[in-house]
Amino acid sequence: MEPRKASPLSWVLIFFLSISLSGVKVLSEEQHHAKSQEGPVVERDQRRTLLVTEFGEITAIDIKEGQKELPYHLRFITLEPNSLFLPVLLHADMVFYVHTGSGKLTWANDDGTSTIRLREGDVCSLKEGSVFYIQSNLEAERRKLRIYAMFTNTDDNTYDPSIGAYSRINELVKGFDTKIMQAALKVPEDLIEAIINKTETPAIVHAVPEKRNILQELEASFLKNFLGIGSNSKKLKTYNIFDHDPDFKNPNGWSTAVTKKQLKSLKRTNIGFLMVNLAMGSILGPHWNPKATELVVGVDGGGMVRVVCGSSNEDETECQNMRFKVKEGDAFLVPRFHPMAQMSFNDGPFVFLGFSTSAKKNHPQFLAGKGSVLHILDKRILATSFGVSNRTIDQLLRSPEDSIIFGCSSCAEEEEKIMKDEEENRKREEEEKEKKKEEEEEKRKREEEEERKREEEEDEKKRRREEEEEEKKKEEEEEKRKREEEEAKRQQEEREKKREEEEARREKEREREEEAEREQEQAKREAEAAAQREQEQAKREQERRERRRQEEEDEEEPTRWERRGRREKGKSPEGVEWEQEEARRQQAESDRQVEEQSHRNSFEGRRALKIRNV
């Protein structure tokens, strides 16, 4: 199957994408968002750089008004001669001014695309959703095309920092898958992959030579059919401030304003444009905007600006009178109802342009000249307000001419001197505050150092007390330990002594017991010996009595035998029994005496042992 041939529309897409995707990758314009400027003036070198290439650059500033959540956004686009700002899709209404150079703007509309020429002094408006690109001319003077652009920040049309001012077409195309883009463009897959995988490049590139036979015929079809977006009318116009007479002009300078009356496309954007040229030594009289906030950019020379805070709230800290110097490229913001005056120095003019947040019914109110609002008020009321006489008010309101720009030699220099004096006073005050702060800090440090030293001394004293107490405690513990050791030693000695005494006592007791036992044994032996002696004595006594009786019987033998014969012959049973009983009694008495003697011996032994124990 042969691949399908690419349609002319596809080749246009490839043409634009090949331009936007050829080269090295640089930082995207919307990858970073700086904080809003908090000071009165954003100097030129304080601009946030979004893109820098050899063919041009894009810078931006964000200025926040009071407590307003979203800032006002300004962009400064600079194109080198014969350079191309690649197609983008606007996210918010844009009003831009061509400061220098020339070129052309191409945008998509309901009929395809249209192109208009751009030259110095042009004011133009593009609404959100527009797709456009810009090419600078290759002039003989080789001047750069410089464009100052403001993006709306109103309730119904808001610049959102989260998505940026615009998105690049190549980024939108590359965000889709290969298959989706192939189906939409009807081209071979390898061609889509080559486009999507192409290395990204900056938003500003060198302009390629025009191929009128291809590009002019197909670019409209591409922007309309592929993107499906119709934006500004095909009758998009510009308003050139140099082609028309200024709104006001005198030898001291001129001023002009561009509103929806001069440029109808400003009606939907709600943005106005103004430019003021002050000759050297001049002043744009004190005035204020009743319905618009004014964002001003210095485009030539330099001057002084005085802004007065119109708030009567004494507690309002953010609203302050200001005077500041503005140089070429610097930007500042003046909220509505804030009276202001711009002054040029004696050495040159001061030219500045401004974007106002309202393109309708914003008629600046001046305090000087025949058109002064002071002429409307009752003179007596005005005199009472100023605390002066009616005659003084008459002289104050007597103006020789109806003018808004006046000659004011050295006014800017005087303002600058006052500003510098105020800055010096402020610096001195800040230095004094800083010095006082440093002194207080030094005092605080000294007090802290003294406190630290006191704490260290207290800690040292405490540490020494603790060490002394610890040492004393250790000595007491050591003394206690020694006493305990001595006491333990004494107790041990006492225990040893007691043990020895107990051993001696036990030894003596054993000796006494042994002695007692010996004595008891001795006593027992003595008792037994005594008993034996008594028995022997009793026996001898018995034997003696027996012998005696025998002897008596022998002596009285005849008688005895006779008595015996007579007794035996006349003995009765009772007599025999009595004799037997008498013999037993005598034997029992002998045994008792032996036992008593043994008991006495045993008692004497025990008593002697007891006496020794005691």
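Q: How many residues apart are Arg-444 and Glu-441 in helix H9, and about how many helical turns separate them?
A: In this predicted model, Arg-444 forms a salt bridge with Glu-441, their closest N and O atoms being 2.0 Å apart. Both residues belong to helix H9, where they are three residues apart, so the separation between them is about one helical turn.

Q: Is Arg-444 buried, partly exposed or exposed?
A: A residue counts as buried under 20% relative accessible area and as exposed over 50%, with partly exposed in between. Because the relative accessibility of Arg-444 is 33%, Arg-444 is classed as partly exposed.

Q: What is the distance between the closest N and O atoms of Arg-452 and Glu-449?
A: Arg-452 and Glu-449 both lie in helix H9, three residues apart, which is about one turn of the helix. Arg-452 is partly exposed at 33% relative accessibility, and Glu-449 is likewise partly exposed, at 31%. The two residues form a salt bridge in which the closest N and O atoms are apart by 1.9 Å.

Q: Which residues are linked with Glu-460 in a network of salt bridges?
A: The side chains of Glu-460 and Arg-463 meet in a salt bridge, at 2.1 Å from N to O. These two residues are three residues apart in helix H9, and so about one helical turn separates them. Within the network of salt bridges, Glu-460 is linked with Arg-463, Arg-464 and Glu-467.

Q: In which helix is Glu-477 found?
A: Glu-477 is one of the residues forming a negative surface patch, which also includes Glu-455 and Asp-459. With 44% relative accessibility, Glu-477 counts as partly exposed. The helix in which Glu-477 is found spans residues 411–555 and is H9.

Definitions and conventions. Residues numbered from 1 in each chain as written. Predicted model: local features only at pLDDT ≥ 70, side-chain atom pairs only at ≥ 80, totals over all residues. Heavy atoms only, no water. Patch = residues over 30% accessible without salt bridge, like charges linked within 9 Å, V, L, I, M, F, W, Y side chains within 5 Å. Areas by Shrake-Rupley, 256 points an atom, 1.4 Å probe, with all protein chains shown as cover. Salt bridge = Lys/Arg side-chain N within 4 Å of Asp/Glu carboxyl O. Lys, Arg positive; Asp, Glu negative; His and termini not counted. Charge placed at Lys NZ, Arg CZ, Asp CG, Glu CD. Helix = DSSP H or I, 4+ residues; strand = E, 2+ residues; numbered from the N terminus. Buried < 20%, exposed > 50% of the residue type's maximum accessible area, 1.4 Å probe, protein only.
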